[in-house]
Amino acid sequence: MAEDEERETRIEHPNRKKASSKITRLIVVVLLLASAVLLAIISWGGWETLEGAKPLQIAYILFYLVMAFFVLRWSRGVLPLTSAMAIIMLIFAAVSTPQWFDRDADGFTDPALPSALLGTITAIIVPVQALLIAFAMRGFQQAWNVEVERYSDGTTNAAAVAARG
C-alpha cells in the first residue's frame with residue numbers, strides 16, 4: 001500500500017487519443033462555430049425585421065460559442081445539452097425558413113440583407129443542426145471522460161489491484 005503512494009501517478013484519457021475522437025471533436029467544434037456564424041449573419045441581416053427573437057438569437061450565438069470552448073477542452077458533459085439546443089434550433093429554422101421567403105414581396109420592411117438570402121441561410125441551418133445533433137451524440141458515445149491511472153513504472157491502477165489479489 002505504501003509502495004503505491006510513493007510512485008508518481010499520471011492520469012491518462014485513452015479515448016481522447018483515438019483518431020475518431022479527435023475527428024468527432026473537431027467536427028462538433030466546426031459545426032458549433034458554423035451555427036454561431038450563420039445565426040449572427042441572420043441576426044445582423046434581419047435585425048430590423050426580427051420580432052421578439054433578438055435576445056434569443058444573441059443567447060443562441062453565445063451558447064454555441066461557449067459550447068465550442070468546452071468541447072475544445074474535451075468536456076463530454078456539454079454534448080447532450082448541445083444536441084438538445086440544436087433540436088430546438090432545427091425546429092425554429094425549419095419553421096422560419098418559409099417566412100423569410102414570404103417576406104420577399106411588396107409591403108414588407110426590407111431587411112439589411114435580401115429576404116431570399118436570409119431564407120437560404122436559415123434553410124442551411126437545418127442540416128447543420130441535424131449534423132450537430134448526430135456528431136455530438138457520437139462524441140458522447142466515445143466516452144471522452146474515461147480516466148486511467150498510470151504509475152511511473154508503466155503499470156496501471158487495474159494491474160496494481162490485480163497484483164494485490
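Arg 73 has a relative accessibility of 54% and therefore counts as exposed, since the cut-off for that class lies over 50%. The model in which this value was computed is a predicted one. Arg 73 sits in the loop between α3 and α4, and although 48 residues separate Arg 73 from Arg 25 in sequence, the two are 9.6 Å apart in space, C-alpha to C-alpha.

The protein chain as a whole contains six helices and two strands, which follow one another along the sequence in the pattern α-β-α-α-α-α-β-α. Of the 165 residues in the protein chain, 37% are buried.

Strand β1 spans residues 9–12 and includes Ile 11. With a relative accessible area of 45%, Ile 11 is partly exposed, because that class covers the range between the limits of 20% and 50%. Ile 11 also takes part in a pairing across the sequence, for Tyr 151 lies 140 residues away along the chain, yet the C-alpha to C-alpha distance between them is 8.8 Å. The two pairs are set side by side below.

| Pair | Separation in sequence | C-alpha to C-alpha distance |
|---|---|---|
| Arg 73 and Arg 25 | 48 residues | 9.6 Å |
| Ile 11 and Tyr 151 | 140 residues | 8.8 Å |

Turning to the surface, a nonpolar patch is formed by Leu 56, Ile 87, Ile 88, Ile 91, Phe 92 and Val 95, which together have about 520 Å² of accessible area. Helix α4, made of residues 78–102, supplies the largest share of this patch, namely five residues. Ile 87 belongs to helix α4, and its relative accessibility of 43% is why Ile 87 counts as partly exposed.

Which residues lie closest to the centre of the largest pocket? The largest pocket has a volume of about 430 Å³, and among the 18 residues that line it, those closest to its centre are Leu 50, Ala 53, Gln 57, Ser 96 and Trp 100. The elements that each give two or more residues to this lining are α2 (19–45), α3 (54–72), α4 and α5 (115–141). By residue type, the lining of the largest pocket comprises eleven nonpolar, five polar and two charged residues.

Methods. Residues are numbered from 1 along each chain as its sequence is written. This is a predicted model: local features need pLDDT of at least 70, side-chain atom pairs count only at pLDDT 80 or more; totals for chains, interfaces and linings use all residues. Side-chain values use heavy atoms; hydrogens and water are left out. Patches are made of residues with over 30% relative accessible area and no salt bridge: like charges are joined within 9 Å, nonpolar side chains (Val, Leu, Ile, Met, Phe, Trp, Tyr) within 5 Å. Accessible areas come from the Shrake-Rupley method with a 1.4 Å probe; for residues, only the protein chains shown count as cover. A salt bridge is a side-chain nitrogen of Lys or Arg within 4 Å of a carboxyl oxygen of Asp or Glu. Helices (H or I, at least four residues) and strands (E, at least two) are DSSP runs, numbered from the N terminus. Buried means under 20% relative accessible area, exposed over 50%, partly exposed in between (1.4 Å probe, protein chains only). On a 1 Å grid over the protein atoms alone, a cavity is a set of points where a 1.4 Å probe fits but cannot get out, and a pocket is an open set with protein on both sides within 12 Å along at least five of seven lines; lining residues have an atom within 4 Å of a point. Grid points are joined across faces, edges and corners, and a volume is the space filled by probe spheres set on the points. Ala, Val, Leu, Ile, Met, Phe, Trp, Tyr, Cys and Pro count as nonpolar, Asp, Glu, Lys and Arg as charged, and the others, Gly among them, as polar.
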